[in-house]
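Welcome! Let us walk through this structure together, one part at a time.

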Amino acid sequence: MGRFTGVLLASDFDNTLIYTEEALRSGVPVPPLSEKNRAALEYFMAEGGKFAIATGRALAAFMKYADKVPMNAPGVVCNGAALYDFSTGEYLETAMLDGDVRQRGQAVLDRFPTMAVEAYHMDNVIYAVHPNEITRQHEHLTKVGVTERVSLEEVPLPLGKLLLEADRETLEEAKAFMEEQGWSEDYELIFSARELLEMTARGANKGGMVRRLAERLGISMEHVYCAGDEANDISMLTVAARGFAPANCVPAVRDCGAVIVADAREDALEEIVHRLAERYPK
């Protein structure tokens, strides 16, 4: 029995575990996991803790980095649309978008012609309609090329997530349009970056899937801790016993009550594990 036995720590990947914003904006390589973060996570797991990734990325977009991150629990992918067991190579839980999403998503594209969309298929394929500069930046960051289609209605099901890509003003207008249609009753509409709007099935978010993961592991939510920097992380930061956020987080995350720790460029996860060690003394 280690000091962290019965404890689950779930962390966002981009700009929390590893700072990837510079790679997205300038095209430089994604930096490796820092040695301090790696050592902290290995210590956490050696002391009985369960560490999981909770990312908005599609599985295909995270797999390029999966073997570079020490983890010993299934991970949340597609912003909460799925729970994936990296040790067995299978989905454990999924929450798919409905059949109407392609027609509705295409209506949004038709209304906002500068917008692109990435459609995350559960067979590890990322489709793109109207790809733009943001799509190309995303391809560089994830190291996964998109499969282009002329219309969303040509994209096959099942889909875990739509990722709308445009400038923030356009995305705000698109979100308002979808809410006016009443579609927000069927979908989660959450910003994961200034130029990215996530669209998943209603109830499919990081918080809900972290809760399911804890249930699978037999861990009480009183001993679940989460870390994230963006609005799409708030659902797990608030469901956790304590949520942590790197200093580079967006204002909405600060406002949700998360404990602010070091910047993602300054070993945020190391500080989080240190704080947990104080909470669970030997």
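**A walk through the fold**

Let us begin with an open sheet, in which 3 strands follow the order E3-E4-E5 with antiparallel pairing. Here strands pair if DSSP finds at least two bridges between them, and helices (H or I, at least four residues) and strands (E, at least two) are DSSP runs, numbered from the N terminus. At the edges sit strand E3 (75-77) and strand E5 (90-94), each pairing on one side only. From one strand to the next, the twist averages 35°; axes are lines fitted to C-alpha atoms, for helices over the stretch in contact, and angles run from 0 to 180 degrees between N-to-C directions.

Before going further, keep in mind that this is a predicted model, where local features need pLDDT of at least 70, side-chain atom pairs count only at pLDDT 80 or more, and totals for chains, interfaces and linings use all residues. Residues are numbered from 1 along each chain as its sequence is written, and side-chain values use heavy atoms, with hydrogens and water left out.

Back at the sheet, E3 and strand E4 (residues 82-85) run antiparallel and are joined by 3 bridges. Across this pairing, Val 77 stands opposite Ala 82 in E4. Helix H7 (residues 206-217) packs on the sheet and touches E3, E4 and E5, where contact means heavy atoms within 4.5 Å. The direction of H7 makes about 115° with that of E5.

Now for the charged side chains. Side chains of opposite charge can pair when their charged atoms come close. The whole structure holds 18 salt bridges, each being a side-chain nitrogen of Lys or Arg within 4 Å of a carboxyl oxygen of Asp or Glu. One of them pairs Asp 12 with Lys 206, with the closest N and O atoms 3.1 Å apart. Asp 12 lies in the loop between strand E1 (8-11) and helix H1 (21-26), and Lys 206 in helix H7, so this pair ties together parts that are 194 residues apart in sequence. Both Asp 12 and Lys 206 are buried (buried means under 20% relative accessible area, exposed over 50%, partly exposed in between, with a 1.4 Å probe and protein chains only). Asp 12 and Lys 206 also belong to a network of salt bridges with Asp 233.

Which residue forms a salt bridge with Arg 104? The partner is Asp 186, and the closest N and O atoms are 2.9 Å apart. Arg 104 sits in helix H4 (residues 101-111), while Asp 186 is in the loop between helix H6 (168-180) and strand E10 (187-193), 82 residues apart. Arg 104 counts as buried because its relative accessibility is 17%, whereas Asp 186, at 32%, is partly exposed.

Our last stop is the largest pocket, with about 450 Å³ of space. A pocket is an open set of points on a 1 Å grid over the protein atoms alone, where a 1.4 Å probe fits, with protein on both sides within 12 Å along at least five of seven lines; lining residues have an atom within 4 Å of a point. The lining has 29 residues, and Asp 14, Asn 15, Ser 192, Ala 193 and Glu 230 lie nearest the centre. The largest share, 3 residues, comes from H1. E10 is among the elements that supply at least two lining residues. In E10, 7 of the 7 residues are buried, so this strand is largely enclosed by the rest of the structure. E10 and E11 form a hairpin with 2 residues between them, and they pair in the antiparallel sense over 6 bridges.

Conventions. Points joined across faces, edges and corners; volume = space filled by probe spheres on them.
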